[in-house]
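Q: Hi! I have a protein model open and would like to walk through it with you. Can we start with one spot and go from there?

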Amino acid sequence: TSSYFTGTAYYLVVAGGGSGGNERGGGGGAGGLLTNYGGSAYTLAQGITYTVTVGDGGASKPTNSSGRGNQGQDSSFTGSNITDITSIGGGGGGGTNQFVGGTGGSGGGGMENYSGGAGTAGQGYAGGAGYQGAPNYGSGGGGGAGSAGVSGSSTSGGNGGDGVNNAITGSTVSYAGGGGAGVYNGHTVIGLGQNGGGNGGSGNDSGVAGEQLPATNGTANTGGGGGGAQRYGGSTSPSGAGGSGVVILRMATSDYNSKTGITGTYTATADGSDTVVKWTASGNIAF
């Protein structure tokens with residue numbers, strides 16, 4: 001694979017976030033985050049096609065469903081002359097019948113008296129634990145790439161864990177924040193999502209639609225976890241879906257101009273003497 005062309009690149013690979021759990025559920029964990037920006041660049045070479053996979057966020061748990069939120073999908077950057085980079089999808093938030101938060105890049109928050117899911121070392125942190133003390137149920141927030149999700153309490157659902165800031169695009173952007181926990185009938189304060197994570201939902205005893213606060217989704221292409229669903233009266237609304245992931249490469253513009261092909265949904269933007277290629281759906285780049 002050696003040739004006249006040898007370039008270098010920095011990467012940011014963020015997986016899809018997990019969705020929140022159903023029925024006052026835990027917040028979804030953020031997608032795993034891996035980057036070499038600010039460190040040693042990867043070598044790119046002629047005759048190699050580098051494959052980019054952008055993971056989707058975990059799907060929302062539908063109305064009146066049960067169980068843990070759905071895990072996000074992995075994102076990756078692979079090629080025959082590099083060590084493959086794979087970020088793990090975020091874990092789903094705990095829900096009824098599956099109270100423990102799901103494991104992932106970052107873990108989902110736990111429900112009732114159960115723990116949050118574990119994160120993946122070097123990619124993200126664990127979800128917060130749940131609290132049970134009827135009628136005040138406080139589920140845990142989803143973990144983020146920067147810190148663990150906050151555990152629930154008698155007064156509130158846990159906030160999501162912090163994401164991290166990265167300036168590979170030339171501007172500082174926050175990625176991979178955990179989703180906030182949903183709550184029961186408005187007895188406790190919702191958990192808030194962080195850095196692309198969705199907020200948990202809140203209901204109340206009357207079940208009046210105008211008095212309910214639905215869970216929100218993680219932000220697309222940040223890997224944020226989705227918010228946990230609320231419970232109101234005898235029913236629940238959907239949980240927040242996880243935000244999709246993203247893959248970004250930064251390389252010298254002269255190296256970018258040496259490519260022989262590029263596919264997928266992407267943008268290529270100049271920043272000084274470099275070009276930043278951002279994929280929001282899977283593709284590849286060849287030299």
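**A chat about the model**

A: Happy to, and keep in mind that this is a predicted model. Let's start at G146: beyond its neighbours within four places in sequence, G146 is in contact with Y125, D162, G163 and V164.

Q: Okay, and where is the place of G146?

A: G146 sits in the loop between β8 (136–138) and β9 (164–166).

Q: Is G146 buried, exposed or partly exposed?

A: G146 is partly exposed, because its relative accessible area is 33%, which falls between the 20% and 50% cut-offs.

Q: How far apart are G146 and Y175 in space?

A: Their C-alpha atoms are 9.3 Å apart, while in sequence the two residues are 29 residues apart.

Q: New topic: what is the strand order in the open sheet of five strands?

A: The order is β6-β5-β4-β17-β14, and the pairing is antiparallel. The strands at the edges are β6 (85–87) and β14 (261–263), each of which pairs on one side only. On average, neighbouring strands of this sheet are turned by 10° against each other, ignoring direction.

Q: How many bridges join β14 to β17?

A: Three bridges join β14 to β17 (residues 283–286), and the two strands run antiparallel. You can look for T263, which stands opposite N284 in β17.

Q: Last one, about backbone angles: what is phi of N97?

A: Phi of N97 is near 75°, a positive value in a residue other than glycine. Most residues other than glycine have a negative phi. N97 lies in the loop between β6 and β7 (131–133).

Q: What about phi of N221?

A: N221 has a positive phi too, near 60°, and its place is in the loop between β10 (173–175) and β11 (231–232).

Q: Are they buried or exposed?

A: N97 is exposed, with a relative accessible area of 63%. N221 counts as buried, because its relative accessibility is 17% and buried means under 20%.

Notes. Residues are numbered from 1 along each chain as its sequence is written. This is a predicted model: local features need pLDDT of at least 70, side-chain atom pairs count only at pLDDT 80 or more; totals for chains, interfaces and linings use all residues. Side-chain values use heavy atoms; hydrogens and water are left out. Two strands pair if DSSP finds at least two bridges between them. Helices (H or I, at least four residues) and strands (E, at least two) are DSSP runs, numbered from the N terminus. Axes are lines fitted to C-alpha atoms, for helices over the stretch in contact, and angles run from 0 to 180 degrees between N-to-C directions. Buried means under 20% relative accessible area, exposed over 50%, partly exposed in between (1.4 Å probe, protein chains only). Contact means heavy atoms within 4.5 Å.
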